[in-house]
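Hi,

Here is the structure I promised to pass on.

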Amino acid sequence: MTNYDYIILGAGAAGLLLADALGKDEFFASKSILVIDKNDKSKNDRTWCFWEQGQGPFDDLIHKTWDSIYVGGQQLEKSTSIAPYTYKMLRGIDFYNHFLPKVKAYPNITWIQEEVANIEETENQVLVTTSSQKFIGQTVFSSLYNASIPLKQKDFPVLQQHFVGWQIKTEQSVFKKEEATFMDFSVSQKGNTRFMYVLPLSDTEALVEYTLFSEHLLEKSEYEEAIKTYIKEKYQDTKYTIEETEFGSIPMTCYPFHQHNTNRVFHIGIAGGWAKPSTGYTFYNTSLQVPKLVSHLKTGKPLSEFHQKSRFLFYDMLLLDILYESNHLGHEIFESMFKRRKASLILKFLENETNLWEELKIVTAPKPMPFIKALFNRLF
């Protein structure tokens, strides 16, 4: 069995960003690093979107940007600028094509394409078993998410941000290519929080996604029928072809994933609780967490100490408590926020960057009673 100082399990955003950060840092030049993923990362298997001010470290890889968004609902039709933010779209394949060759080229990094079968931690090392090999690591960073773990408890509700998306090409010019549809709640809610999400790539091309914040997934046909109906009603029944499809399910929970970290096995990405609980957005926060983790490694402090508490987690918890008990209230909450507050302030809040005064503006936008009840239940 081969020994490594660090083993990274999974080469998604968290795994590749961490591998790249360690590979290019002279501090870790003497460390042997193994990256394991079951896929060759040659497919466009996902799309990441995020918002940020000005230029960012991924701008050369960005596929499309928007400076304004549309939010719609039962009583809302709002097109608005999000300045000083820009909404950015990054395709998985562009990310992989950039970072994978870099990671493989570092002399102290080894890449293995296999599926991980087991992780076994002992006092002095971690044994990683794949479908055909075994490796020993002093420290393992795992992005392998076990969806059953948070479901074994009742203290923290677990919802899903789940969606099916079609990238379509239409025969007619029907899309506003300068404006992304952030949330359109005009679709039938059916007792849930359901909305359409549209990212126009041109006036004839767009990624159209049917998205839910709810506890249970749907049958594939239900997502697809909703997309068909939306396109027919929203875009004058235009003819179109489906270029690509995608499906995703991201956990929405305040469950403390960090409690499963030890000084030898540390969870990253969604498995580490790096997804924003109230929205499911993960990529941008991951890009912020990786440099912090690398800095922590340099200090020599135990990995189990790498955890930061935030008051924003409490806000997320209250919203998830409400949606878990009364999922149908989701559209009212989000619509009222965008109706009464500037989109840029809402995005700032969702990125955990607001001050207390700004947060007071946000939390007083929706009807207060559901939040008061959720707060009372949490406190008492």
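How do the residues of the lining of the second largest pocket divide into nonpolar, polar and charged? They come to 23 nonpolar, 13 polar and six charged, with Ala, Val, Leu, Ile, Met, Phe, Trp, Tyr, Cys and Pro counted as nonpolar, Asp, Glu, Lys and Arg as charged, and the others, Gly among them, as polar.

Before the rest: this is a predicted model, where local features need pLDDT of at least 70 and side-chain atom pairs pLDDT 80 or more, while totals for chains, interfaces and linings use all residues. Residues are numbered from 1 along each chain as its sequence is written, and side-chain values use heavy atoms, without hydrogens and water.

Back to that pocket (an open set of 1 Å grid points where a 1.4 Å probe fits, with protein on both sides within 12 Å along at least five of seven lines; lining residues have an atom within 4 Å of a point). The second largest pocket holds about 950 Å³ of space, that is, the space filled by probe spheres set on the points. Among its 42 lining residues, Gly273, Asn285, Gln289, Gln308 and Asn352 are the closest to the centre. α4 gives the most to this lining, six residues (helices are DSSP runs of H or I, at least four residues).

On to the rings: there are 38 aromatic pairs (Phe, Tyr or Trp six-membered ring centres within 6.5 Å; planes under 30 degrees apart are stacked, over 60 edge-to-face, the rest tilted). One of them joins Phe266 and Phe306 edge-to-face, at 5.7 Å centre to centre and 65 degrees between the planes. Phe266 is buried at 1% relative accessible area, and Phe306 is buried at 8% (buried is under 20%, 1.4 Å probe, protein chains only).

Cheers

Key
Buried < 20%, exposed > 50% of the residue type's maximum accessible area, 1.4 Å probe, protein only. Helix = DSSP H or I, 4+ residues; strand = E, 2+ residues; numbered from the N terminus.
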